[in-house]
Amino acid sequence: MIAKETIINKFKSLYQDEPIIVTSPGRINIIGEHTDYNDGFVLPAAIDKAIYVAVSKRGDDLISLYAEDYRESHEVRLSDIAISEKHWPNYILGVVDQYQKRGATLGGFNLYIDGDVPLGAGLSSSAAVECAVTLALSELFDLDVERLDIPQIAQKAEHTYAGVMCGIMDQFASAFGKEKNVIKLDCRTLGFEYVPLDLKGYEVVLLNTNVKHSLASTAYNKRREQCEQASAWVREEYPEVKNLRDVTIDMLDRLVKEKDKDIYAKASFVVLENERVEKSCEALRAGNIKQLGQYIFQSHEGLSKVYEVSCPELDYLVDYVRQFPEVIGARMMGGGFGGCTINIVKEGALASILPALEQEYRQKFDKELAVIQVNIADGTRLI
(Lines give C-alpha, C1' and ligand atoms only; values in the text may rest on other atoms or scores of the structure.)
Protein backbone atom coordinates (compact mmCIF):
# COMPACT_ATOMS: atom_id res chain seq x y z
CA MET A 1 0.00 0.00 0.00
CA ILE A 2 1.28 3.47 -0.89
CA ALA A 3 0.63 6.17 1.69
CA LYS A 4 -1.81 8.91 0.68
CA GLU A 5 0.66 11.54 1.92
CA THR A 6 3.36 10.20 -0.41
CA ILE A 7 1.08 10.65 -3.41
CA ILE A 8 -0.07 14.12 -2.33
CA ASN A 9 3.51 15.30 -1.80
CA LYS A 10 4.67 13.99 -5.17
CA PHE A 11 1.65 15.53 -6.91
CA LYS A 12 2.24 18.92 -5.27
CA SER A 13 5.91 18.89 -6.25
CA LEU A 14 4.90 18.22 -9.88
CA TYR A 15 1.83 20.41 -10.22
CA GLN A 16 1.67 22.75 -7.17
CA ASP A 17 -1.96 21.77 -6.63
CA GLU A 18 -4.16 19.72 -4.28
CA PRO A 19 -5.37 16.48 -5.92
CA ILE A 20 -8.35 14.16 -5.81
CA ILE A 21 -7.01 10.61 -5.25
CA VAL A 22 -8.61 7.37 -6.44
CA THR A 23 -7.33 3.85 -5.90
CA SER A 24 -8.23 0.77 -7.93
CA PRO A 25 -6.98 -2.75 -7.16
CA GLY A 26 -5.35 -5.44 -9.22
CA ARG A 27 -7.12 -8.75 -9.32
CA ILE A 28 -6.65 -12.46 -9.08
CA ASN A 29 -8.91 -14.99 -10.74
CA ILE A 30 -9.60 -18.13 -8.72
CA ILE A 31 -10.86 -20.00 -11.79
CA GLY A 32 -12.49 -19.30 -15.15
CA GLU A 33 -9.69 -18.37 -17.53
CA HIS A 34 -10.32 -17.31 -21.15
CA THR A 35 -14.06 -17.72 -20.55
CA ASP A 36 -14.79 -13.99 -20.25
CA TYR A 37 -14.53 -13.10 -23.94
CA ASN A 38 -16.75 -16.11 -24.66
CA ASP A 39 -19.56 -14.57 -22.55
CA GLY A 40 -18.89 -17.20 -19.89
CA PHE A 41 -18.44 -17.24 -16.11
CA VAL A 42 -15.42 -16.17 -14.07
CA LEU A 43 -14.51 -16.09 -10.39
CA PRO A 44 -12.18 -13.12 -9.75
CA ALA A 45 -11.43 -11.08 -6.64
CA ALA A 46 -9.78 -7.70 -6.06
CA ILE A 47 -6.50 -7.75 -4.11
CA ASP A 48 -4.59 -5.48 -1.76
CA LYS A 49 -2.18 -4.38 -4.50
CA ALA A 50 -3.47 -1.29 -6.28
CA ILE A 51 -3.00 1.62 -8.68
CA TYR A 52 -3.27 5.17 -7.32
CA VAL A 53 -4.33 8.06 -9.52
CA ALA A 54 -4.17 11.71 -8.37
CA VAL A 55 -5.84 14.41 -10.49
CA SER A 56 -6.53 18.15 -10.50
CA LYS A 57 -8.13 20.56 -12.97
CA ARG A 58 -6.10 22.92 -15.13
CA GLY A 59 -7.08 26.35 -16.45
CA ASP A 60 -6.29 25.31 -20.04
CA ASP A 61 -7.05 22.29 -22.28
CA LEU A 62 -3.75 20.49 -21.67
CA ILE A 63 -3.63 16.92 -20.34
CA SER A 64 -0.41 16.55 -18.34
CA LEU A 65 0.45 13.00 -17.21
CA TYR A 66 3.25 11.62 -15.06
CA ALA A 67 3.86 7.88 -14.43
CA GLU A 68 6.02 7.09 -11.40
CA ASP A 69 6.86 3.57 -12.62
CA TYR A 70 8.38 4.93 -15.83
CA ARG A 71 9.67 8.26 -14.39
CA GLU A 72 8.15 9.75 -17.51
CA SER A 73 5.69 12.50 -18.44
CA HIS A 74 3.35 12.88 -21.40
CA GLU A 75 1.40 15.94 -22.52
CA VAL A 76 -1.30 16.38 -25.14
CA ARG A 77 -4.11 18.86 -25.83
CA LEU A 78 -7.61 17.60 -25.10
CA SER A 79 -8.57 18.25 -28.73
CA ASP A 80 -5.52 16.34 -30.02
CA ILE A 81 -5.60 13.11 -28.03
CA ALA A 82 -4.40 10.12 -30.02
CA ILE A 83 -2.78 6.76 -29.42
CA SER A 84 0.72 7.29 -28.02
CA GLU A 85 3.84 5.37 -29.03
CA LYS A 86 4.89 5.37 -25.34
CA HIS A 87 2.18 2.80 -24.62
CA TRP A 88 1.54 3.63 -20.93
CA PRO A 89 -0.43 6.87 -21.60
CA ASN A 90 -2.88 4.91 -23.75
CA TYR A 91 -4.60 3.36 -20.72
CA ILE A 92 -5.38 6.90 -19.53
CA LEU A 93 -6.07 8.59 -22.87
CA GLY A 94 -8.34 5.72 -23.90
CA VAL A 95 -10.62 6.60 -20.98
CA VAL A 96 -10.61 10.29 -21.99
CA ASP A 97 -11.56 9.21 -25.51
CA GLN A 98 -14.46 7.11 -24.19
CA TYR A 99 -15.80 10.02 -22.14
CA GLN A 100 -15.60 12.28 -25.19
CA LYS A 101 -17.51 9.73 -27.24
CA ARG A 102 -20.22 9.77 -24.56
CA GLY A 103 -20.50 13.53 -24.90
CA ALA A 104 -19.02 14.29 -21.47
CA THR A 105 -17.61 17.78 -20.89
CA LEU A 106 -13.97 17.55 -19.84
CA GLY A 107 -11.25 20.17 -19.40
CA GLY A 108 -7.50 20.01 -19.13
CA PHE A 109 -6.13 18.13 -16.12
CA ASN A 110 -2.97 17.03 -14.32
CA LEU A 111 -2.65 13.34 -13.51
CA TYR A 112 -0.05 11.47 -11.47
CA ILE A 113 -0.06 7.67 -11.36
CA ASP A 114 1.73 5.22 -9.09
CA GLY A 115 0.99 1.75 -7.77
CA ASP A 116 2.18 -1.48 -6.21
CA VAL A 117 0.55 -3.92 -8.64
CA PRO A 118 3.51 -5.81 -10.14
CA LEU A 119 3.61 -5.00 -13.86
CA GLY A 120 3.45 -7.89 -16.33
CA ALA A 121 2.50 -10.38 -13.62
CA GLY A 122 -1.02 -11.02 -14.90
CA LEU A 123 -2.65 -9.08 -12.04
CA SER A 124 -4.33 -6.65 -14.42
CA SER A 125 -2.51 -3.45 -13.61
CA SER A 126 -3.89 -2.06 -16.90
CA ALA A 127 -7.52 -2.64 -15.85
CA ALA A 128 -6.77 -1.05 -12.47
CA VAL A 129 -5.37 2.02 -14.24
CA GLU A 130 -8.40 2.32 -16.50
CA CYS A 131 -10.91 1.95 -13.65
CA ALA A 132 -9.02 4.42 -11.44
CA VAL A 133 -8.87 7.00 -14.23
CA THR A 134 -12.57 6.49 -15.05
CA LEU A 135 -13.63 7.25 -11.47
CA ALA A 136 -11.04 10.03 -10.99
CA LEU A 137 -12.23 11.96 -14.06
CA SER A 138 -15.85 11.44 -13.04
CA GLU A 139 -15.09 12.95 -9.62
CA LEU A 140 -13.01 15.77 -11.08
CA PHE A 141 -15.54 16.87 -13.71
CA ASP A 142 -18.79 15.89 -11.87
CA LEU A 143 -19.70 13.28 -14.49
CA ASP A 144 -21.69 11.11 -12.04
CA VAL A 145 -20.49 7.87 -13.62
CA GLU A 146 -22.57 4.84 -12.60
CA ARG A 147 -20.63 2.02 -10.90
CA LEU A 148 -21.57 -0.39 -13.70
CA ASP A 149 -20.28 2.05 -16.32
CA ILE A 150 -16.77 2.03 -14.84
CA PRO A 151 -15.70 -1.42 -16.11
CA GLN A 152 -17.44 -0.88 -19.44
CA ILE A 153 -15.68 2.45 -20.13
CA ALA A 154 -12.41 0.89 -18.97
CA GLN A 155 -12.80 -2.16 -21.21
CA LYS A 156 -13.55 -0.05 -24.30
CA ALA A 157 -10.50 2.09 -23.53
CA GLU A 158 -8.35 -1.04 -23.59
CA HIS A 159 -9.90 -2.24 -26.86
CA THR A 160 -9.49 1.07 -28.68
CA TYR A 161 -6.27 2.59 -27.31
CA ALA A 162 -4.25 -0.36 -25.95
CA GLY A 163 -5.32 -2.65 -28.80
CA VAL A 164 -6.15 -5.63 -26.57
CA MET A 165 -9.56 -7.20 -27.19
CA CYS A 166 -9.92 -8.22 -23.55
CA GLY A 167 -13.08 -9.50 -21.91
CA ILE A 168 -14.78 -7.56 -19.11
CA MET A 169 -13.52 -9.63 -16.15
CA ASP A 170 -10.42 -7.65 -15.15
CA GLN A 171 -12.13 -4.27 -15.16
CA PHE A 172 -15.23 -5.65 -13.41
CA ALA A 173 -13.20 -7.26 -10.63
CA SER A 174 -11.26 -4.04 -10.14
CA ALA A 175 -14.44 -1.93 -9.95
CA PHE A 176 -16.63 -4.30 -7.90
CA GLY A 177 -14.16 -6.07 -5.59
CA LYS A 178 -15.34 -6.78 -2.05
CA GLU A 179 -13.17 -7.76 0.90
CA LYS A 180 -13.29 -11.51 1.79
CA ASN A 181 -15.42 -12.31 -1.28
CA VAL A 182 -14.93 -13.56 -4.81
CA ILE A 183 -17.23 -12.38 -7.59
CA LYS A 184 -19.11 -14.94 -9.66
CA LEU A 185 -19.60 -12.88 -12.79
CA ASP A 186 -21.75 -13.66 -15.81
CA CYS A 187 -19.74 -11.95 -18.54
CA ARG A 188 -22.75 -11.80 -20.88
CA THR A 189 -25.32 -10.11 -18.65
CA LEU A 190 -22.86 -8.61 -16.10
CA GLY A 191 -25.09 -10.17 -13.48
CA PHE A 192 -22.96 -11.13 -10.48
CA GLU A 193 -23.02 -12.45 -6.96
CA TYR A 194 -20.50 -12.32 -4.16
CA VAL A 195 -19.38 -15.73 -2.89
CA PRO A 196 -17.61 -15.65 0.50
CA LEU A 197 -14.01 -16.85 0.27
CA ASP A 198 -13.30 -18.67 3.52
CA LEU A 199 -10.09 -20.61 2.92
CA LYS A 200 -10.18 -22.36 6.32
CA GLY A 201 -6.51 -22.16 7.24
CA TYR A 202 -5.21 -21.78 3.69
CA GLU A 203 -3.94 -18.64 1.96
CA VAL A 204 -3.54 -17.36 -1.59
CA VAL A 205 0.07 -17.08 -2.77
CA LEU A 206 1.16 -15.96 -6.22
CA LEU A 207 4.45 -17.12 -7.70
CA ASN A 208 5.64 -14.69 -10.36
CA THR A 209 7.69 -16.34 -13.11
CA ASN A 210 9.15 -12.94 -14.02
CA VAL A 211 8.44 -13.88 -17.61
CA LYS A 212 6.88 -10.72 -19.07
CA HIS A 213 3.88 -11.32 -21.26
CA SER A 214 2.00 -8.99 -23.56
CA LEU A 215 -1.71 -9.63 -23.97
CA ALA A 216 -1.60 -7.72 -27.23
CA SER A 217 0.28 -10.75 -28.59
CA THR A 218 -1.02 -12.53 -31.64
CA ALA A 219 -1.57 -15.73 -29.65
CA TYR A 220 -4.24 -14.17 -27.42
CA ASN A 221 -6.15 -12.70 -30.34
CA LYS A 222 -5.81 -15.99 -32.25
CA ARG A 223 -7.54 -17.88 -29.41
CA ARG A 224 -10.44 -15.45 -29.66
CA GLU A 225 -10.72 -16.09 -33.39
CA GLN A 226 -10.67 -19.86 -32.86
CA CYS A 227 -13.45 -19.63 -30.27
CA GLU A 228 -15.52 -17.44 -32.58
CA GLN A 229 -15.03 -19.90 -35.45
CA ALA A 230 -16.20 -22.84 -33.31
CA SER A 231 -19.32 -20.88 -32.31
CA ALA A 232 -20.01 -19.98 -35.95
CA TRP A 233 -19.91 -23.64 -37.01
CA VAL A 234 -22.28 -24.64 -34.21
CA ARG A 235 -24.57 -21.70 -35.04
CA GLU A 236 -25.18 -23.13 -38.51
CA GLU A 237 -27.34 -25.81 -36.86
CA TYR A 238 -28.29 -23.91 -33.68
CA PRO A 239 -29.08 -20.29 -34.69
CA GLU A 240 -29.68 -19.32 -31.05
CA VAL A 241 -26.00 -19.91 -30.19
CA LYS A 242 -24.23 -16.58 -29.77
CA ASN A 243 -20.87 -17.96 -28.62
CA LEU A 244 -19.24 -20.76 -26.61
CA ARG A 245 -21.28 -19.86 -23.52
CA ASP A 246 -24.24 -21.54 -25.28
CA VAL A 247 -22.36 -24.59 -26.56
CA THR A 248 -22.07 -28.13 -25.13
CA ILE A 249 -19.33 -30.70 -25.66
CA ASP A 250 -21.87 -32.80 -27.59
CA MET A 251 -22.39 -29.94 -30.06
CA LEU A 252 -18.63 -29.59 -30.49
CA ASP A 253 -18.28 -33.35 -31.02
CA ARG A 254 -20.83 -33.31 -33.82
CA LEU A 255 -20.22 -29.97 -35.52
CA VAL A 256 -16.61 -28.91 -34.93
CA LYS A 257 -14.40 -31.94 -34.26
CA GLU A 258 -14.26 -33.16 -37.87
CA LYS A 259 -13.76 -29.69 -39.31
CA ASP A 260 -10.73 -28.70 -37.24
CA LYS A 261 -9.19 -30.67 -34.39
CA ASP A 262 -7.30 -27.68 -32.97
CA ILE A 263 -10.34 -25.38 -32.92
CA TYR A 264 -12.31 -28.23 -31.33
CA ALA A 265 -9.70 -28.56 -28.57
CA LYS A 266 -9.66 -24.83 -27.81
CA ALA A 267 -13.46 -24.62 -27.71
CA SER A 268 -13.81 -27.71 -25.53
CA PHE A 269 -11.48 -26.19 -22.94
CA VAL A 270 -13.71 -23.10 -22.66
CA VAL A 271 -16.89 -25.17 -22.27
CA LEU A 272 -15.33 -27.31 -19.51
CA GLU A 273 -13.77 -24.27 -17.78
CA ASN A 274 -17.21 -22.66 -17.55
CA GLU A 275 -18.47 -25.80 -15.80
CA ARG A 276 -15.53 -25.66 -13.38
CA VAL A 277 -16.51 -22.13 -12.31
CA GLU A 278 -19.96 -23.34 -11.28
CA LYS A 279 -18.53 -26.38 -9.48
CA SER A 280 -15.96 -24.21 -7.70
CA CYS A 281 -18.72 -21.95 -6.35
CA GLU A 282 -20.54 -25.02 -5.06
CA ALA A 283 -17.33 -26.19 -3.36
CA LEU A 284 -16.83 -22.77 -1.73
CA ARG A 285 -20.41 -22.63 -0.48
CA ALA A 286 -20.01 -26.13 0.96
CA GLY A 287 -16.70 -25.19 2.60
CA ASN A 288 -14.90 -27.86 0.57
CA ILE A 289 -11.62 -26.06 -0.10
CA LYS A 290 -9.76 -29.22 -1.13
CA GLN A 291 -12.31 -29.86 -3.89
CA LEU A 292 -11.83 -26.29 -5.07
CA GLY A 293 -8.10 -27.03 -5.25
CA GLN A 294 -8.71 -30.03 -7.51
CA TYR A 295 -10.68 -27.88 -9.96
CA ILE A 296 -7.81 -25.36 -9.95
CA PHE A 297 -5.30 -28.10 -10.86
CA GLN A 298 -7.66 -29.33 -13.62
CA SER A 299 -7.89 -25.79 -14.99
CA HIS A 300 -4.11 -25.59 -15.34
CA GLU A 301 -3.97 -28.92 -17.12
CA GLY A 302 -6.44 -27.61 -19.68
CA LEU A 303 -4.76 -24.22 -20.06
CA SER A 304 -1.38 -25.85 -20.59
CA LYS A 305 -2.11 -28.95 -22.69
CA VAL A 306 -5.35 -28.04 -24.48
CA TYR A 307 -5.68 -24.25 -24.73
CA GLU A 308 -1.88 -23.95 -24.97
CA VAL A 309 -1.40 -20.57 -23.30
CA SER A 310 1.11 -21.67 -20.66
CA CYS A 311 4.91 -21.65 -20.86
CA PRO A 312 7.71 -23.85 -19.43
CA GLU A 313 8.17 -21.64 -16.35
CA LEU A 314 4.46 -21.72 -15.42
CA ASP A 315 4.23 -25.48 -15.98
CA TYR A 316 7.34 -26.08 -13.89
CA LEU A 317 5.95 -24.14 -10.92
CA VAL A 318 2.61 -25.97 -10.97
CA ASP A 319 4.28 -29.38 -11.37
CA TYR A 320 6.74 -28.64 -8.56
CA VAL A 321 4.15 -27.69 -5.91
CA ARG A 322 1.94 -30.72 -6.67
CA GLN A 323 4.24 -32.90 -4.56
CA PHE A 324 3.34 -31.01 -1.37
CA PRO A 325 0.07 -31.90 0.41
CA GLU A 326 0.12 -28.37 1.86
CA VAL A 327 -0.58 -27.01 -1.66
CA ILE A 328 -4.13 -28.04 -2.55
CA GLY A 329 -4.43 -26.20 -5.87
CA ALA A 330 -2.24 -24.34 -8.36
CA ARG A 331 -2.56 -23.05 -11.90
CA MET A 332 -1.35 -20.37 -14.26
CA MET A 333 -3.45 -17.25 -14.01
CA GLY A 334 -4.27 -14.56 -16.54
CA GLY A 335 -3.83 -14.40 -20.29
CA GLY A 336 -0.85 -16.73 -20.23
CA PHE A 337 2.66 -17.02 -21.69
CA GLY A 338 4.13 -15.75 -18.41
CA GLY A 339 2.97 -13.95 -15.32
CA CYS A 340 1.97 -15.78 -12.14
CA THR A 341 0.70 -19.05 -10.84
CA ILE A 342 -2.01 -18.84 -8.19
CA ASN A 343 -1.57 -21.31 -5.32
CA ILE A 344 -3.84 -22.26 -2.43
CA VAL A 345 -1.35 -23.08 0.33
CA LYS A 346 -1.70 -24.05 3.98
CA GLU A 347 -1.01 -20.95 6.10
CA GLY A 348 2.67 -20.77 7.08
CA ALA A 349 3.71 -23.74 4.90
CA LEU A 350 5.46 -21.63 2.29
CA ALA A 351 8.60 -21.09 4.37
CA SER A 352 9.55 -24.77 4.13
CA ILE A 353 8.76 -25.07 0.40
CA LEU A 354 10.27 -21.88 -0.99
CA PRO A 355 14.06 -22.08 -0.48
CA ALA A 356 14.55 -25.20 -2.62
CA LEU A 357 11.99 -24.04 -5.20
CA GLU A 358 13.64 -20.64 -5.60
CA GLN A 359 17.05 -22.23 -6.02
CA GLU A 360 15.88 -24.81 -8.57
CA TYR A 361 13.90 -22.21 -10.51
CA ARG A 362 16.96 -19.95 -10.70
CA GLN A 363 19.17 -22.82 -11.89
CA LYS A 364 16.67 -24.03 -14.48
CA PHE A 365 15.51 -20.74 -15.98
CA ASP A 366 18.16 -18.22 -14.92
CA LYS A 367 15.41 -16.05 -13.46
CA GLU A 368 14.43 -14.98 -9.97
CA LEU A 369 11.12 -16.24 -8.59
CA ALA A 370 9.02 -13.56 -6.91
CA VAL A 371 6.51 -14.42 -4.19
CA ILE A 372 3.40 -12.25 -3.85
CA GLN A 373 1.08 -12.87 -0.91
CA VAL A 374 -2.32 -11.27 -1.40
CA ASN A 375 -5.44 -10.58 0.60
CA ILE A 376 -8.87 -9.98 -0.89
CA ALA A 377 -9.78 -6.30 -0.93
CA ASP A 378 -12.40 -3.72 -1.91
CA GLY A 379 -12.72 -2.29 -5.42
CA THR A 380 -12.23 1.12 -7.05
CA ARG A 381 -12.82 3.98 -4.63
CA LEU A 382 -12.03 7.55 -3.67
CA ILE A 383 -9.48 7.92 -0.87
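Me: In what order do the six strands of the open sheet with mixed pairing come?
Reply: This is a predicted model, so far as the record goes, with residues numbered from 1 along each chain as its sequence is written. Local features need pLDDT of at least 70 and side-chain atom pairs count only at pLDDT 80 or more, while totals for chains, interfaces and linings use all residues; side-chain values use heavy atoms, leaving out hydrogens and water. Strands here are DSSP runs of E with at least two residues, helices are H or I runs of at least four, and both are numbered from the N terminus; two strands pair if DSSP finds at least two bridges between them. On that basis the six strands read E5-E4-E6-E3-E1-E13.

Me: Which are the edge strands there?
Reply: Look for strands that pair on one side only. That picks out E5 (72-77) and E13 (381-382).

Me: Which residue of E6 stands opposite Lys57?
Reply: E3, residues 44-57, runs antiparallel to E6, and seven bridges join the two. At Lys57, the residue opposite in E6 is Phe109.

Me: Which strands does helix H1 lie across?
Reply: H1 covers residues 4-15, and contact means heavy atoms within 4.5 Å. H5 also packs on this sheet, touching E1 and E3. H1 for its part lies across E1 (20-29), E3, E4 (62-67) and E6.

Me: What is the bridge partner of Phe41 in E7?
Reply: There's another open sheet, with three strands in the order E2-E7-E8 and antiparallel pairing. Its edge strands are E2 (41-42) and E8 (192-196), and two bridges join E2 to E7, residues 181-186. In E7, Phe41 partners Asp186.

Me: Which strands does H5 touch on that sheet?
Reply: H8 lies across E2, E7 and E8. H5 packs on this sheet too, and the strands that H5 touches are E2, E7 and E8.

Me: How much space lies in the largest pocket?
Reply: On a 1 Å grid over the protein atoms alone, a pocket is an open set of points with protein on both sides within 12 Å along at least five of seven lines, a cavity is a set where a 1.4 Å probe fits but cannot get out, and lining residues have an atom within 4 Å of a point. Points are joined across faces, edges and corners, and volume is the space filled by probe spheres set on them. The largest pocket has 44 lining residues, and the closest to its centre are Tyr91, Gly120, Ser124, Ser125 and Ser126. Its space comes to about 780 Å³.

Me: Which element gives the largest share of the lining of the largest pocket?
Reply: H2 (90-101), E6 (109-115), H3 (125-140), H4 (149-162) and H5 (169-176) each supply at least two lining residues. The largest share, four residues, comes from H3.

Me: Which strand gives the largest share of the lining of the second largest pocket?
Reply: This pocket holds about 280 Å³. Its lining includes Lys180, Leu197, Tyr202, Glu203, Val204 and Glu347. Three residues, the largest share, come from residues 202-208, strand E9.

Me: How much space lies in the largest cavity?
Reply: The structure holds one cavity of 30 Å³ or more. Leu207, Val321, Val327, Asn343, Val345, Leu350 and Ile353 line the largest cavity, with E11 (340-346) and H11 (350-365) each supplying at least two of the lining residues. The space in it is about 40 Å³.

Note on methods. Axes fitted to C-alpha atoms, helices over the stretch in contact; angles between N-to-C directions.
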